[in-house]
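Dear colleague,

Please find below the structure that I am handing over to you. My notes on what was found in it follow directly after.

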Amino acid sequence: MNSQGQHNAHGDEVGESIVMPVPTAAPLVLSLGATLLAAGIVTNLVLSALGAVVLLWGVAVWVLQLLPGRGEHEHALVAMEMRPQPIAKAIIAVAPRPTSFIRRMQVPAQIHPYSSSVWGGIVGGIAMSGVALAYGVVSGRGIWYPVNLLAAMLMPAFATADNAELERFDGTALALGLVIHGMVSAGAGLIYGMLLPTLPRWPALWGGIVAPLLWTGGVYSFMGVLNPVMNARVDWPWFVASQVVYGLTAGFVVVHSKTVSVGQTGRGSGNETGSPPR
């Protein structure tokens with residue numbers, strides 16, 4: 001900062017000045033070049049080449065403007081009376097809230113217990129297993145075929161197995177299949193229980209049709225990564241049917257379970273402690 005007889009842009013003398021960087025658009029040009037360079041990697045390398053040129057141009061302009069004697073200028077400060085003044089403290093007395101004040105309610109006020117959600121998921125998983133086993137019988141590949149396809153997610157030995165090997169009974173595959181299927185079914189049921197009360201009308205439609213179709217779309221996208229063996233052999237109509245059966249069964253169990261009040265922080269709730277339902 002300088003206080004030795006500085007003048008502003010209009011020739012008026014001011015008391016103080018400050019050294020500031022010269023205004024430049026070089027950073028914006030550099031950013032544009034970097035954006036084009038990155039976008040070209042996933043679209044067209046010609047765009048990346050253009051971005052590289054723009055980026056280098058932005059760097060060159062910026063560096064040239066920072067050379068000694070060119071990158072700074074004296075900026076005159078306004079008069080002291082025109083500068084922002086310190087903010088005066090103000091102490092305001094706030095009246096405490098009355099004890100009868102009702103805080104904002106948590107919505108939904110009634111939800112299904114976590115236990116019923118997990119139980120609904122397990123029952124839905126059993127129903128879905130029936131569809132999978134029916135597929136094995138109808139397709140002629142046997143009931144162990146869908147079990148082994150599911151277990152292939154954690155069994156590298158099945159990566160190179162042919163259909164004949166996948167149709168045989170394997171104790172390890174059965175144990176892994178039961179664990180995977182049980183955990184996924186119970187977890188999905190828990191999510192069901194949390195989401196269904198927040199959805200609009202027709203829970204059977206949301207839980208039995210819409211939700212299975214949505215997660216089937218997600219599974220379809222990642223099946224090649226999660227389980228390449230199943231991805232290469234899965235029968236998608238049967239797969240969708242099993243998901244719908246799961247959704248309808250789990251939704252039926254969850255919807256028909258007794259709801260409990262969500263803990264509210266204010267007056268008028270059934271659970272004043274705010275603890276989650278079990």
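Is helix H4 mostly covered or mostly open, and how many of its eight residues are buried? H4 is mostly covered, with six of the eight residues buried. Please bear in mind throughout that this is a predicted model.

The buried residues of H4 are Tyr145, Pro146, Val147, Asn148, Leu149 and Ala151. They pack against H3, helix H5 (163–166), H6 and H8. Proline 146, which is found in helix H4, counts as buried because its relative accessibility is 14%, and the cut-off for that class is under 20%. Apart from neighbours within four places in sequence, proline 146 is in contact with Ala132 and Gly136. The C-alpha atoms of proline 146 and valine 234 lie 8.7 Å apart in space, although 88 residues separate the two in sequence.

Overall composition

The protein has nine helices and six strands. It comprises 278 residues, of which 28% count as buried. Its accessible surface comes to about 18,200 Å², and carbon and sulfur atoms account for 69% of that area. When contacts between residues at least 6 apart in sequence are considered, 67% of them join residues at least 24 apart.

Confidence

The mean pLDDT of the protein is 81, and 84% of the residues reach 70 or more. Over residues 267–274, however, the pLDDT is below 50; this stretch has 11 contacts in the model beyond near neighbours in sequence. Where pLDDT is low, the predicted coordinates should not be read in detail.

The largest pocket

The largest pocket holds about 1,000 Å³ of space. Its lining consists of 35 residues, and those nearest its centre are Met128, Leu150, His181, Met230 and Phe239. Two or more lining residues come from each of helix H3 (114–139), helix H4 (144–151), helix H6 (171–195), helix H7 (203–226), helix H8 (228–233) and helix H9 (236–255). H6 gives the most, with eight residues. By class, the lining of the largest pocket divides into 26 nonpolar, seven polar and two charged residues.

The second largest pocket

About 190 Å³ of space lies in the second largest pocket. Which helices each supply at least two residues of its lining? They are H6 and H7, and H7 gives the most, with six residues. The residues that line this pocket are Ala188, Ile191, Tyr192, Leu195, Leu196, Leu199, Trp206, Gly207, Val210, Ala211, Leu214 and Trp215. In this lining, 11 residues are nonpolar, one is polar and none is charged.

Individual residues

Glycine 124 lies in helix H3. Is glycine 124 buried or exposed? It is buried, because its relative accessible area is 0%. Leaving aside neighbours within four places in sequence, glycine 124 is in contact with Tyr246, Thr249 and Ala250. Glycine 124 and glutamine 243 are 119 residues apart in sequence, and their C-alpha atoms are 9.1 Å apart in space.

Tryptophan 62 has its place in helix H2 (residues 45–65). With a relative accessible area of 35%, tryptophan 62 is partly exposed. Its contacts, once neighbours within four places in sequence are set aside, are with Thr24, Ala26, Pro27 and Leu30. For one of these residues, alanine 26, the C-alpha atom is separated from that of tryptophan 62 by 5.2 Å, and the two residues are 36 residues apart along the chain.

Valine 19 is found in strand E3 (residues 17–21). It is also partly exposed, with a relative accessible area of 41%. Which residues does valine 19 contact, leaving aside its neighbours within four places in sequence? They are Glu72, His73 and Glu74. Valine 19 and histidine 73 are 54 residues apart in sequence and 5.6 Å apart in space, C-alpha to C-alpha.

Summary

H4, which supplies two or more residues to the lining of the largest pocket, is itself mostly covered. The stretch 267–274 has pLDDT below 50.

With kind regards

Notes
Residues are numbered from 1 along each chain as its sequence is written. This is a predicted model: local features need pLDDT of at least 70, side-chain atom pairs count only at pLDDT 80 or more; totals for chains, interfaces and linings use all residues. Side-chain values use heavy atoms; hydrogens and water are left out. Helices (H or I, at least four residues) and strands (E, at least two) are DSSP runs, numbered from the N terminus. Buried means under 20% relative accessible area, exposed over 50%, partly exposed in between (1.4 Å probe, protein chains only). Contact means heavy atoms within 4.5 Å. Accessible areas come from the Shrake-Rupley method with a 1.4 Å probe; for residues, only the protein chains shown count as cover. On a 1 Å grid over the protein atoms alone, a cavity is a set of points where a 1.4 Å probe fits but cannot get out, and a pocket is an open set with protein on both sides within 12 Å along at least five of seven lines; lining residues have an atom within 4 Å of a point. Grid points are joined across faces, edges and corners, and a volume is the space filled by probe spheres set on the points. Ala, Val, Leu, Ile, Met, Phe, Trp, Tyr, Cys and Pro count as nonpolar, Asp, Glu, Lys and Arg as charged, and the others, Gly among them, as polar. pLDDT is the predictor's confidence in each residue, from 0 to 100.
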